[in-house]
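Please open the model in your viewer and keep the selection panel at hand. The tour below goes from stop to stop, saying what to select next and what is found there.

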Amino acid sequence: MILAEKIITLRKKNGWSQEELADQLGISRQSVSKWESGASIPDLDKIIKMSALFGVSTDYLLKDELETISYPETEDAPEAQRSISVEEANEYMDDTVCFAKRVAFAVSLCILSPICLLLFGGMAEYGIGTMADNLASGLGIGILLAIIAAAVGIMILSGQRMDNYEWLEKECFVLEYGVKGIVEKRKKDFGKTFYTCIALGVMCCILGVVPLLVLGGILEDGFPLVVCICVLLALIALGVYLFIWSGTIHESYEKLLQLGDYAEEKKALNQEFERKLGFVPAVYWCVVVAVYLGISFTRNNWGRSWIVWPVSGVLFAALVVFLKGMLARKK
């Protein structure tokens, strides 16, 4: 029995499709198809991985005269890990750049969404123009919901392609020859841009408060204060865009190099967190959304209710750190 026939037999014995086997080996389905048709032969690295994956010896795979399955001499062989080629790494990093732009834009839209509501409401309240209160509220809320719907659509569509790379956050893997150097170079080249974006984002968030504080000390009320709130939201949206865009790209390099939060020991802790406490983020953010909408609609104070989001983000990060710390101490 030749190698191609053995791969087919072992794959079907395990109930895997060609695509499922390819995913576990970190290759394309076309490669598996070529192996099974005899059009090409897997290299030694893939032979070793298939030996560990199928639980058979490399002799059985390589020697045509061996018809009976032979098993490895030791059961302590290391578990096969996915490998990432140069092409796969570059494709992931390029896809992340596109994803970062879209998601950063979508989140910024959510922050900008109340601006029309604030402006129309302010114009109606202070007699600027001829817009009635009901029309101002209805039009403003309609635009707000339309912008949020567009932002959610962008996030969903953008996230679909990145679902293919979700395993990078959870599984351990190895980089093929030359990949590490390429990733490290791209990370180094992006370093200056990353820290510049963080600095500019912080400046935008701080400077956005200045007009509001200055006019707030002069005027107790008035349309200019409404405009200052809109400027504040616009600058915060710009800052958040810079944070998310640069942070997402920088994070992709950390994932490939398995550094920081994506080190092997951290991945094991994250897997345990998802297994035991995976419901916490969903419940938490549902509560936050409910609180935000409840405060905003009941008090009709969209100019201040946005503070719920940064506060909730900080509290969520603290909650996750606390829960993971508890899990780590139990080990």
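Start with the salt bridges, of which there are ten, a salt bridge being a side-chain nitrogen of Lys or Arg within 4 Å of a carboxyl oxygen of Asp or Glu. The model is a predicted one, in which local features need pLDDT of at least 70 and side-chain atom pairs count only at pLDDT 80 or more, while totals for chains, interfaces and linings use all residues. For your selections, residues are numbered from 1 along each chain as its sequence is written, and side-chain values use heavy atoms, with hydrogens and water left out.

**Stop 1: Glu 36 and Arg 11**

Select Glu 36 and Arg 11, whose side chains meet in a salt bridge with an N to O distance of 2.6 Å. Because Glu 36 lies in helix H3 (residues 29-37) and Arg 11 in helix H1 (residues 3-13), the pair ties together parts that are 25 residues apart in sequence. Helices here are DSSP runs (H or I, at least four residues; strands are E, at least two), numbered from the N terminus. Both Glu 36 and Arg 11 are buried, where buried means under 20% relative accessible area, exposed means over 50%, and partly exposed lies in between (1.4 Å probe, protein chains only).

**Stop 2: Arg 161 and its two partners**

Next, select Arg 161 together with Glu 91, which form a salt bridge whose closest N and O atoms are 3.2 Å apart. This pair links distant parts of the chain, with Glu 91 in helix H6 (residues 86-112) and Arg 161 in helix H8 (residues 133-162), 70 residues apart. Glu 91 is partly exposed, with a relative accessible area of 38%, and Arg 161 also counts as partly exposed, at 43%.

Is Asp 95 buried or exposed? With a relative accessible area of 13%, Asp 95 is buried. Elsewhere, salt bridges that share partners join Asp 45, Lys 46, Lys 49 and Glu 176 into one network.

**Stop 3: the largest pocket**

Now turn to the largest pocket, which has a volume of about 1600 Å³. On a 1 Å grid over the protein atoms alone, a pocket is an open set of points where a 1.4 Å probe fits, with protein on both sides within 12 Å along at least five of seven lines, and its lining residues have an atom within 4 Å of a point. Grid points are joined across faces, edges and corners, and the volume is the space filled by probe spheres set on the points.

Which residues lie nearest the centre of the largest pocket? Select Glu 169, Glu 251, Lys 255, Tyr 262 and Phe 316, which lie nearest the centre among the 37 residues that line it. The elements that give two or more residues to this lining are H6, H8, helix H11 (223-257), helix H12 (264-277), helix H13 (279-299) and helix H15 (308-330), and H11 gives the most, with eight residues. By class, the lining has 18 nonpolar, eight polar and eleven charged residues, where Ala, Val, Leu, Ile, Met, Phe, Trp, Tyr, Cys and Pro count as nonpolar, Asp, Glu, Lys and Arg as charged, and the others, Gly among them, as polar.

**Stop 4: Gln 258**

Select Gln 258, which is placed in the loop between H11 and H12. Phi of Gln 258 is near 55 degrees, a positive value in a residue other than glycine. Most residues other than glycine have a negative phi. At 15% relative accessibility, Gln 258 counts as buried.

**Stop 5: a nonpolar surface patch**

Select Leu 200, Met 203, Leu 207, Val 210, Val 214 and Ile 218, which form a nonpolar patch on the surface with about 550 Å² of accessible area together. The elements that give two or more residues to this patch are helix H9 (179-207) and helix H10 (209-218). Patches are made of residues with over 30% relative accessible area and no salt bridge, with nonpolar side chains (Val, Leu, Ile, Met, Phe, Trp, Tyr) joined within 5 Å and like charges within 9 Å. Accessible areas come from the Shrake-Rupley method with a 1.4 Å probe, and for residues only the protein chains shown count as cover. One member, Leu 200, has its place in H9 and is partly exposed, with a relative accessible area of 39%.

**Stop 6**

Ala 317 is found in H15 and counts as partly exposed, at 40% relative accessibility.

For Ala 136 and Ala 100, 36 residues apart along the chain, the C-alpha atoms are separated by 34 Å. Ala 136 lies in H8 and is buried, with a relative accessible area of 1%.

For Ile 182 and Ile 244, 62 residues apart along the chain, the C-alpha separation is 23 Å. Ile 182 lies in H9 and, at 32% relative accessibility, counts as partly exposed.
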